[in-house]
Amino acid sequence: MKRRVEILDAKTKDKLCFLDKVEPNCPLQWYPARQSIRLDPKGKSLKDEDVLQHLPVGTTATFYFRDLGAQISWVTVFLTEYTGPLVIYLMFYFRVPFIYSPKYDFTTSKHWVVHLACMCHSFHYVKRLLETLFVHRFSHGTMPLRNIFKNCTYYWGFAAWMAYYINHPLYTPPIYGEQQIRIALIIFLFCQIGNFSIHIALRNLRPPGSKTRKIPYPTKNPFTWIFLLVSCPNYTYELGSWLGFTLMTQCLPVAFFTLVGFIQMTVWAKGKHRSYLKEFRDYPPLRSPILPFIL
């Protein structure tokens with residue numbers, strides 16, 4: 001059946017183009033990643049894989065266009081927001097000039113926990129960078145350009161705040177000494193391995209170049225068994241890593257960063273959990289978004 005396709009501006013309802021076929025390029029001035037096409041002005045964007053013949057439209061199909069604004073790739077955003085904390089923290093660790101008093105320039109801390117914290121922090125962000133390059137498969141190729149400024153402000157700002165106090169010449173080690181630090185290190189490393197294991201499991205669910213969504217289930221890797229109880233265990237392990245780092249450094253800015261991160265990850269986890277429940281009727285009912293049986 002031959003259809004005529006009409007595309008209107010979602011905000012002004014002005015006609016942008018009127019086509020007899022789907023194939024011809026609509027004379028729009030925006031690149032594809034910037035375009036949102038929807039059936040209703042306030043509805044959700046159609047997916048790239050949606051087919052016109054399968055949509056609830058008649059012989060004349062009216063679609064609404066919205067400009068999503070300038071876009072930037074997820075990979076670029078992740079590499080930028082993760083490189084910043086890595087470099088910024090090391091600047092404070094090496095006590096480059098103009099951070100502390102001149103007499104402390106390029107000196108090192110006498111507390112071994114400060115050096116351990118630097119290794120853990122650096123390991124965390126190097127891991128994130130490598131996962132961005134070699135592990136993650138993104139369902140969406142881009143995000144709004146403005147997000148990179150917001151994300152970098154968050155990650156870079158907190159990294160500077162934490163690093164300033166942890167590497168400060170007057171920093172004092174945790175109150176319970178080596179025992180507290182060792183327990184914290186075990187928690188941190190355990191959760192880092194768990195987080196990586198979940199990322200690998202999620203990667204294996206999506207073939208290269210596809211946007212297929214499947215229900216994640218535990219694998220032979222014991223770190224993935226938490227999928228029995230949680231929808232987003234990558235966030236659970238991420239929270240555990242920062243709790244361990246907080247315990248290790250006993251630093252208030254780290255605790256505040258952990259709290260803010262937990263709140264944000266909870267929002268993401270709840271959204272993903274609702275999406276799973278809506279998309280999959282056989283989704284395991286015992287799972288919680290981020291914390292087993294709690295949240």
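What follows is a short chat about this predicted model.

Trainee: How do helix 2 and helix 3 run relative to each other, roughly parallel or roughly antiparallel?
Mentor: Start with the angle: the axes of helix 2 (residues 112-134) and helix 3 (residues 146-166) cross at roughly 165° and come within 11 Å. Angles over 145 degrees get a label of their own. So helix 2 and helix 3 are roughly antiparallel.

Trainee: Which residues of helix 3 make the contact with helix 2?
Mentor: The crossing of the two helices is left-handed. On the helix 2 side, the contact uses Val 114, Ala 117, His 121, Tyr 125 and Arg 128. By class, the contact has six nonpolar, one polar and one charged residues. From helix 3 come Tyr 155, Met 162 and Ile 166.

Trainee: Is Arg 95 buried or exposed?
Mentor: First, find Arg 95 in the loop between helix 1 (74-93) and helix 2. Its phi is positive, about 50°, although Arg 95 is not a glycine. Most residues other than glycine have a negative phi. With 5% relative accessibility, and the cut-off being under 20%, Arg 95 counts as buried.

Trainee: And Phe 293, buried or exposed?
Mentor: Phe 293 sits in the segment after helix 6 (252-279). Phe 293 also has a positive phi, near 65°. Its relative accessible area is 64%, and the cut-off is over 50%, so Phe 293 is exposed.

Trainee: How far apart are the end C-alpha atoms of residues 251-269?
Mentor: UniProt, in an unreviewed entry, lists residues 251-269 among its "transmembrane region" features. That span is 95% helix and 0% strand. Its end C-alpha atoms lie 27 Å apart.

Note on methods:
Residues are numbered from 1 along each chain as its sequence is written. This is a predicted model: local features need pLDDT of at least 70, side-chain atom pairs count only at pLDDT 80 or more; totals for chains, interfaces and linings use all residues. Side-chain values use heavy atoms; hydrogens and water are left out. Axes are lines fitted to C-alpha atoms, for helices over the stretch in contact, and angles run from 0 to 180 degrees between N-to-C directions. Helices (H or I, at least four residues) and strands (E, at least two) are DSSP runs, numbered from the N terminus. Angles under 35 degrees count as roughly parallel, over 145 as roughly antiparallel, 65 to 115 as roughly perpendicular and the rest as oblique. A crossing is left-handed if the near helix is turned anticlockwise from the far one by less than a right angle, and right-handed if clockwise. Contact means heavy atoms within 4.5 Å. Ala, Val, Leu, Ile, Met, Phe, Trp, Tyr, Cys and Pro count as nonpolar, Asp, Glu, Lys and Arg as charged, and the others, Gly among them, as polar. UniProt positions are given in the numbering used here, feature names are shortened, and annotations may be inferred rather than shown by experiment. Buried means under 20% relative accessible area, exposed over 50%, partly exposed in between (1.4 Å probe, protein chains only).
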